[in-house]
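Please read them with the model open.

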Amino acid sequence: MMRGEYDGGGLGGDSLEQFASYEDYLDAQVSETDMYYLEDEELARQLVELGYRGSGDTLKRDEFEARKRALRERGTQKANVPKQLASANKDLSAQPFLLALANREALVRNGKLTSIIFLRDKNAKGQEVSGYIDYAHRLKTENFEPYFKGQKRLMPKPTDLSYYNWETQTSTHNSTPNFQVIADSDGLLFKNKRDRKVINVDPKQNPGDNSSRNELKTPEYLQVVIFDHLTRRKN
């Protein structure tokens, strides 16, 4: 901070953000002329603090620190304000799949629920594709508002937990921060990395502890199944 850059007026909280320390605050009110005659930085600061230099209404050290603390607390409060849900204020009553995702969004974002979405449908090329999607991972890595606005369709990708193109027979499996993919001759299993519980997606089998299988009847896709898992930390 250059000397004389701060005019001392308008001692609102926001103006203090530019000063890293109380000494910087005092220095900003010391002019080059003051230093020319005083030739002592500490003395110049004392004169400003006493009100003989600068604006004349200089904050004392404890007042300065109190205002800085208040600024930090205000900044923390702003940082802790949750972001608006991507599904907020959207009328999804006529779209069962998007409504189901909207009903889960808050719980998935705060980590209380993990959901694996199975989708089967035709892609833009008319090829039938299917896959398992880690909803939490997609929410974290994509902007979901275009999906909830109907501007994009959620479809499986080769980067999802599982992807299969029935025409080209292209198949991929990828673990995510939330799930480990276990592929064997009997099919696919997904192990939750938080509580180590396994989700069995075989429709003939129980999906597993704290898990449920929910098949949706919707005109939006050929097939939709959502596997919900209430997460528990492993002790």
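1. How do strand 3 and strand 4 pair, and over how many bridges? Strand 3 (residues 162-165) and strand 4 (residues 170-173) are antiparallel, with four bridges between them. Strands here are DSSP E runs of at least two residues, and helices are H or I runs of at least four, both numbered from the N terminus. Two strands count as paired if DSSP finds at least two bridges between them.

2. A word on the source. This is a predicted model, where local features need pLDDT of at least 70 and side-chain atom pairs count only at pLDDT 80 or more, while totals for chains, interfaces and linings use all residues. Residues are numbered from 1 along each chain as its sequence is written, and side-chain values use heavy atoms, leaving out hydrogens and water.

3. Stay with the hairpin of strand 3 and strand 4. Four residues sit between its strands. Q169 there takes a positive phi near 60 degrees. Y164 has S171 in strand 4 as its bridge partner.

4. Six strands make an open, antiparallel sheet in the order 4-3-2-1-9-8. Strand 4 and strand 8 are the edges, each pairing on one side only. From one strand to the next the twist averages 10 degrees. Axes for such angles are lines fitted to C-alpha atoms, for helices over the stretch in contact, and angles run from 0 to 180 degrees between N-to-C directions.

5. Strand 9 deserves a close look. Six of the eight residues in strand 9 (residues 223-230) are buried, so this strand is largely enclosed by the rest of the structure. Buried means under 20% relative accessible area, exposed over 50%, and partly exposed in between (1.4 Å probe, protein chains only).

6. Strand 1 (residues 113-122) pairs with strand 9 antiparallel, over eight bridges. S115 stands opposite D228, and I116 has F227 as its bridge partner. Strand 8 (residues 211-216) also runs antiparallel to strand 9, joined by six bridges. R213 is likewise a bridge partner of F227. A six-residue hairpin links strand 8 to strand 9.

7. Helix 5 (residues 96-109) lies across strand 1, strand 8 and strand 9. Helix 5 runs at about 155 degrees to strand 1.

8. Finally, check N200, in strand 7 (residues 198-200). The N200 side chain reaches the backbone nitrogen of D202 at 2.9 Å. Leaving out residues up to four places away in sequence, N200 touches L189, Q205, N206, P207 and F227. Contact means heavy atoms within 4.5 Å.

Definitions and conventions
Polar contact = N/O pair within 3.5 Å; in protein donor to acceptor, adjacent residues only side chain to side chain.
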